[in-house]
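Here are some friendly notes on the chain contacts, in numbered points. Please have the model open beside you as you read.

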Amino acid sequence: MISTLVPRRHRLQLGFVAAMSLALAGTALAQQGGGMPASGPMPPASMSATPTAPIDRAKILTDLGVFGDFSVYKLRPEYAMLPAADRKAAAAEVLAVIEKHKDKVIVDAYLTRGFDAKSDYFLRVHAYDLAAAQTFLTDFRATKFGSYSDVTENLVGITKALNYITKQKSETLNAGLFAASYSDPAPRYAIMIPVKKNAEWWNLTPEQRLKEIEVHTAPTLQYLVNVKRKLYHATGLSDTDFITYFETNDLGAFNNLLIALAQVPENKYHVRWGNPTVLGTIQSVDSVVKALSGADRSM
Amino acid sequence: MISTLVPRRHRLQLGFVAAMSLALAGTALAQQGGGMPASGPMPPASMSATPTAPIDRAKILTDLGVFGDFSVYKLRPEYAMLPAADRKAAAAEVLAVIEKHKDKVIVDAYLTRGFDAKSDYFLRVHAYDLAAAQTFLTDFRATKFGSYSDVTENLVGITKALNYITKQKSETLNAGLFAASYSDPAPRYAIMIPVKKNAEWWNLTPEQRLKEIEVHTAPTLQYLVNVKRKLYHATGLSDTDFITYFETNDLGAFNNLLIALAQVPENKYHVRWGNPTVLGTIQSVDSVVKALSGADRSM
Amino acid sequence: MISTLVPRRHRLQLGFVAAMSLALAGTALAQQGGGMPASGPMPPASMSATPTAPIDRAKILTDLGVFGDFSVYKLRPEYAMLPAADRKAAAAEVLAVIEKHKDKVIVDAYLTRGFDAKSDYFLRVHAYDLAAAQTFLTDFRATKFGSYSDVTENLVGITKALNYITKQKSETLNAGLFAASYSDPAPRYAIMIPVKKNAEWWNLTPEQRLKEIEVHTAPTLQYLVNVKRKLYHATGLSDTDFITYFETNDLGAFNNLLIALAQVPENKYHVRWGNPTVLGTIQSVDSVVKALSGADRSM
Amino acid sequence: MISTLVPRRHRLQLGFVAAMSLALAGTALAQQGGGMPASGPMPPASMSATPTAPIDRAKILTDLGVFGDFSVYKLRPEYAMLPAADRKAAAAEVLAVIEKHKDKVIVDAYLTRGFDAKSDYFLRVHAYDLAAAQTFLTDFRATKFGSYSDVTENLVGITKALNYITKQKSETLNAGLFAASYSDPAPRYAIMIPVKKNAEWWNLTPEQRLKEIEVHTAPTLQYLVNVKRKLYHATGLSDTDFITYFETNDLGAFNNLLIALAQVPENKYHVRWGNPTVLGTIQSVDSVVKALSGADRSM
Amino acid sequence: MISTLVPRRHRLQLGFVAAMSLALAGTALAQQGGGMPASGPMPPASMSATPTAPIDRAKILTDLGVFGDFSVYKLRPEYAMLPAADRKAAAAEVLAVIEKHKDKVIVDAYLTRGFDAKSDYFLRVHAYDLAAAQTFLTDFRATKFGSYSDVTENLVGITKALNYITKQKSETLNAGLFAASYSDPAPRYAIMIPVKKNAEWWNLTPEQRLKEIEVHTAPTLQYLVNVKRKLYHATGLSDTDFITYFETNDLGAFNNLLIALAQVPENKYHVRWGNPTVLGTIQSVDSVVKALSGADRSM
C-alpha cells in the first residue's frame, strides 16, 4: 500500500535517512502514508508477510508494523580468560546463527566499549514477527560469545505511520522534511536514546501536541543533511514510549541537534530521555565480536 | 455465590478474556458479583475450599479471593556451562514438581529472553492459599533449573470484585464490557505491568474515582476483541497497588491500547506503571525450560 | 512503671495484638503509659534491666525502650551446592547460637522466598541493649547458614510510648483501640513495611498531626480483630522513620486495611511506604532454615 | 590562632563534644574562631603543619582545615572461607599499617554488622593532607582484610569554622552551645549521616539561613549532655554537602534529637539526609577486625 | 582558525587554566574565538587534522572540536590475587598500549581509591577522532590491568567555543576571566563532575541564560588563581549535558568555589550535579597502576 503512494526514492529516504527530531514526539518516518489514520487500527504484526527468502533489508527498514528489538550487552570479564581458540571461533559461530535466521530477522551491531559504562556492544534486530526476534536472540545467547554476554538493557518497539507532521496536518514542515537528505560521508556512529513522556503530555489534545511537535520540528530541519534517524513506538512493550535511533558521521552536529531538541517546550514533558544514552560505532557483527575478543593473551 | 448470579459463559469471559483497561484503576474482572460491596469484608483466603483434586483451571481463573504470585527470573550464566545431561533433565524435574503441587497451584510460564534485560522467563502461580504458592516456589527453586535462576521481581496479588464499572454504578459501560469478547487468534504474547497510584488518587472520593475510571474505560472497549486481561490487587502485599496482566496476539493493538490508557487523566495519578514492564511469549513450562537450556554445548 | 498503670490484660494486647493503623503516624502500642510525655527524655536503653535469665518474651514485646532489629536475607546460590550434610546441620547450628544469646535477645524468623525478589527470609531480633543484637547477629553470620546469607535490608528501631491517640488527647479513639482484640485463627503471615514522612509532616503542629492521626485511625478499628501490629521508631537509626510490623491470617483483610490507610490525607506525607514491603510466613527458625536448605540434591 | 582566642577547655569541647544540631546547616564546631570570616579564604590544606611525630589526636580533632575521610565497607563472603590462620593474622596486619601511617593519619573504626545492609564496618580517617589519607587507605586495601572488603560508600569532607551561630551573629545561642557538655557514660555508638541541601537553600540570603539555623539550634541544646557531634563540609569533594557524625550512649535520646531536627523548617531544604544512615558500635580497629574474622570454622 | 585570532599566551591559559565556574552553564574555555557563533555549525570532528606524529598535548588541550572521553574504573578484587609477577608487569603493558596510540590520543590518569566508593582510578582521553579513543580504550581493556578493571562510569564530551561570557556579550566579565591565572603550586587533585540542566533551563531565552551565567561567573573570578578547569559538552553523547573538570592544589578553596556555584539561581536548573563527583590525585599512568598493584602478597 505504502509503496503505491510514495516514490521509491522517498521511501528509502524515510526508512533511514532523515535527521528529524520530530520523531521524539511520537511521529514516524514514513509519513507519506498519510491516508492511514495514526490512531486507527493497524494490521496485526503476525499478518505481515512471512518471507521465506532472506529479509529484504531496504524494505523492512521502511515498512510499518515492523518490530525493532534493541538489546544492549556487557561482556563478562571471564570471556577474556577463555582460550584464544574459543575467542577466535566466536565470530564465526555468531555469524552462523545470523545466517540461520536470515529469512526472519536482520541484525545490526554496534561497538560501545569505551563510550558507555554499562555496555560493550548492542544489537538492533528487525523482524516482522517479534517471536522470531526472540528465537534469534535466544540462539545468539547460546553461542559462546552470547553466553558470556550480560544483557544490560533490552527495549522492544514497533514502527508506525507518522502522527503529526503529515501533509494534511502540517504541510510546510512536511515538505521541509523531504526537501533535504543525508549528504555527509557514511555514518560511523549510532546513538540509541529511549524517550518517555509524562501523563501531562499524553493528556494534551491532539491539536496541542501537533503544535508542540511543529515547534520541535522546525529547528531540526537543518540537520537532515548530517544526521539520520528512525523511530520505534514502545508504550506497553517496554518501560519507554519511544526508542529513537540516530546515525551520523558528525558528532558535533548531533550534539547541536540534541541541544536544539532540549530547547523546545516539548522537552518539559519528558520523564525519560536517555538512561541510557547508548553511543556506539557502526560495525559489522564480525568486527564487533573480534574487537571484543581481544588479543591472544592466554597462549 | 458468584456462580449463582452470573451465567457460566460470562464467568469465563471475565476470568480471562476482556481487554478492559478499567482494571488499571482498581476494578476487577468479575464485576457481575455486584451484590458484594467492594470495600466490605472478604472471606479469608484460608477459608476458601481446599481442593484435594487437581485445581480446576477455569474456576480458579474466575474465582475471587485467589492469589496470583508473579515471579520473574534470570538464569545465571553458569547454567549454560552445566553438563548437557543436566540441562536435558531440567524440564522433566520442573514438571515433576508442578505435578506434585497440582492440587494446590496452577502454574503458567512465559519466555522473556530477548525482550527484557532483567529476566529470561516468568511464572504466574495461582493458589487459593498463598502459603501453598510459597511451598511450590520453594520446591521449584530446589530443582536444578530453579537453583540456577535468580529472582529479579516477585509480586503477589489477590483477585477481588469489580470496584467501579458495576451494573449498579455505571450501567452502560458495564454492558459494553460484556458486548464483545476476544476473537483474535490464540494469544502468543503476555505482558505483566505493575501499577501504583499516588496518595492524591486514593484520597479522591469514590465518586471522583468512579468518574475517572469511566473516562478510562470508554476508549478501551474497542480492544476487547484483541487483548485479554486480568487484574490482581496488591496494596500491602508487595510494593505495588495492582498487577495488570494482558494476553494478546496483536502487539500493535496492545501498544495502541496502552497509549489510550496514557491519554486519560487517571494516568496523572500513577507513580508506578511498569518498572518492570515484562513482555513474554506464552509457552508451556516444558518449552520455556528447554528454550533456555540451549544446545548441547558442553559435549 | 507501665506495669503499675495498666492491667496486664491490656499490656499484652498492646504488645502484639492490635490492628491499629495509627502506628503509621508515629504512635506506639503502649499508649496506656500516658503519663510519660512522648517527646520527653527516655531512660537510655543501656539502663534497662540486663536480665541474666532468658528474656521474657511477653515482657520484651510490651516494654518500651526496646530495640527491634529487622534483618532481611537472601541466600547465595552456592548454599544449595553445599554437601547435604552441611545443609542438614545448618538448622542445629543456628539454634545453638540463638540458645547462646537467649538471655540477651529473642529471635523471630519468617520465610519470604516466593513472595519477594530481594529476600528468602528475615529475622526480627528484640533486645534491651542494641549492642547485644549486634553480637547475636554477628555470631549468626558466622554460622554456615549465615555465612551464605547476604543482608539485603537491615532496619533498627526502638519502641516508644504512644504519641497521639492517648486517653488524654483522643479519648474516644483510644477507647476504640481497646474495645476489640484479635480473634482470628493464629496468624500465618507477617509483613514488615518501613515508613518515612516528609519535612512537611514533621513541620505540622502537634495539633495538626493529632488530627491527621485521628482521621487515619478511625477506619482502621474494624481490623483490630484480624490484623495484629507493632511499631518501631527509627529516625536517625536507619533510613526510615518507622518500621511497621503486621501479623495476620487474612491477607484479604490486610489488603483492605492498607487501602484504607492509603485513603487518608496522612498518606500524602509519605516519602517511603514499603521499598521494601516484606511479606513472609511466620515460622520457627528451625523450619525456615530447613525450608531453604532444600532436598538432598548433592548425594 | 584559635588556641589564643579560646580556653583549652572549650576547644576540646568543641572538637568532639557538643550535641549541636546546628552543624546540619553548615556550621562547624569550632565557632570560637569568630574572627575568621566563614566565607573567606582558608589556608590550603597542604600548607598545614606536616607533623613528623605521631598525629596529636586531640589537636587534629579540633583543628580547622582537617580532612575527614569516611570509608564504609562490606566484607565479601569469601573472607569467611579463608583459613583460620589468615583470619587470625588479619588484625595484626591492619594494625601494622596504621602504625606505619601514624604520623600522617589517625584512624577510628566502627562495627556496623547487624545494623546496616550495605556495610559491616566503617573507618574514619583524619589527615591534614588528604593525599596521606589516600595512601593509608590504599595500603589498608592491600592487607588481607582490606583486600576482602568492598567499599560501599566513601565520603570526604573538611572541617571549617562555624558559619552561623557565632558569638557575633547569634550571641545567646552561641552561649547555649557552651553552657553544657557531654556528661553521659562514654559513647558506645556512632552514627554517620550525609546531608545535602537543595538549590533553594543555597540561594537564601545569609540572613535567612542564619534565621533557619537559629530555629534549628534552639531545640537541640538539651541534647548537648548526651550526644556528641562533629561536622565536615563536603560540597564538591563528594556527592554531599555535609557529613554529620554523632557519638552517643543513648540511642533513644539520639532518636529524639533527630526527630527535633526533622521538625524545623530547615528540613524542607534537604535533598539527602542519610542514604546511607550508618550506625555502628565504637570499637578499636583490632576489635572490629576480630569480630568480623569470626570463629575458627575452617579447621 | 582559532590560532590566528588569539595570541598563543591566551590559548594556553584558556586550555587549562581558568577556575571559571561559568563552564557549568554551557560556556567553554576558549571564548576568545568570539567570531565563531556558538550555535552555528562546527566542522565535523573527523575533518580535524589527523596527526601522524604524537599528539601535541598543549594544542589538543586548547583546540575546539576535541573529544574528551572520561572512563572511571574499579579493579576487581581478583586482581590482588594474581601472581606478583603479573601485577609487576602490568604498568609496562599499559604504557606500551599508550605508546602505541600516542599519535591518536593523549591519556591522563587519576587515582581515586580512598575517595570514592565506585572507583579506584579514572582515565581522561583526548582525541580529535572519537573512534580513536574507542580503539585505544579497547586495547587498554585487553591488557592484564584493564581486563581486571570494571567500568563504573563513562562519559563522552566535546570541546566547543564559549557560549555566553564572550567579549561581545559580556565584556567586563570576559576581561575578568583573563585578568588572573593560576598561581598556586602545581595541582595535586582533579575532580570530574557531570552537570545536567532541566528543560526549564534550556527553554530560557539566550538573554535569560546569559544573565544567569553572568551572575554565576562573578563570584568565581577570585578562584582563577587556585583552581583550573575545563568544560566538555555532552548532550546526546552521554546522559549528561556537561562534563566539568577541575584541577587544584587547594581543596578548601575548591570547596568554597563549589559552594559559591551552589548559591546562584542557575543552580535551581540542575537535575544532575555530580552523581558521581569523582575526586582523584593527579598521577602518571605508571604510578596509578603501581599504586593499585599493591605489595607482593602472593610470594
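1. Across the interface of chain A and chain B, 13 residue pairs are in polar contact, both residues being at pLDDT 80 or more. A polar contact here is a pair of N or O atoms within 3.5 Å, where within protein one must be able to donate a hydrogen and the other to accept it, and residues adjacent in sequence count only if both atoms are side-chain atoms.

2. On the side of chain A that touches chain B, two or more residues come from each of β1 (67-75), α5 (130-141), α6 (144-147), β4 (149-158) and α8 (199-202) of chain A. β4(A) gives the largest share, seven residues. Helices (H or I, at least four residues) and strands (E, at least two) are DSSP runs, numbered from the N terminus.

3. This is a predicted model, in which local features need pLDDT of at least 70 and side-chain atom pairs count only at pLDDT 80 or more, while totals for chains, interfaces and linings use all residues. Residues are numbered from 1 along each chain as its sequence is written, chains are lettered from A and ligands numbered from 1 in the order in which they are written, and side-chain values use heavy atoms, with hydrogens and water left out.

4. One salt bridge is counted between chain A and chain B: R188(B) meets D129(A), at 2.9 Å from N to O. The term asks for a side-chain nitrogen of Lys or Arg within 4 Å of a carboxyl oxygen of Asp or Glu.

5. For chain E and chain D, the count is 13 residue pairs in polar contact (both at pLDDT 80 or more). On the side of chain E that touches chain D, α10(E) supplies the largest share, eight residues.
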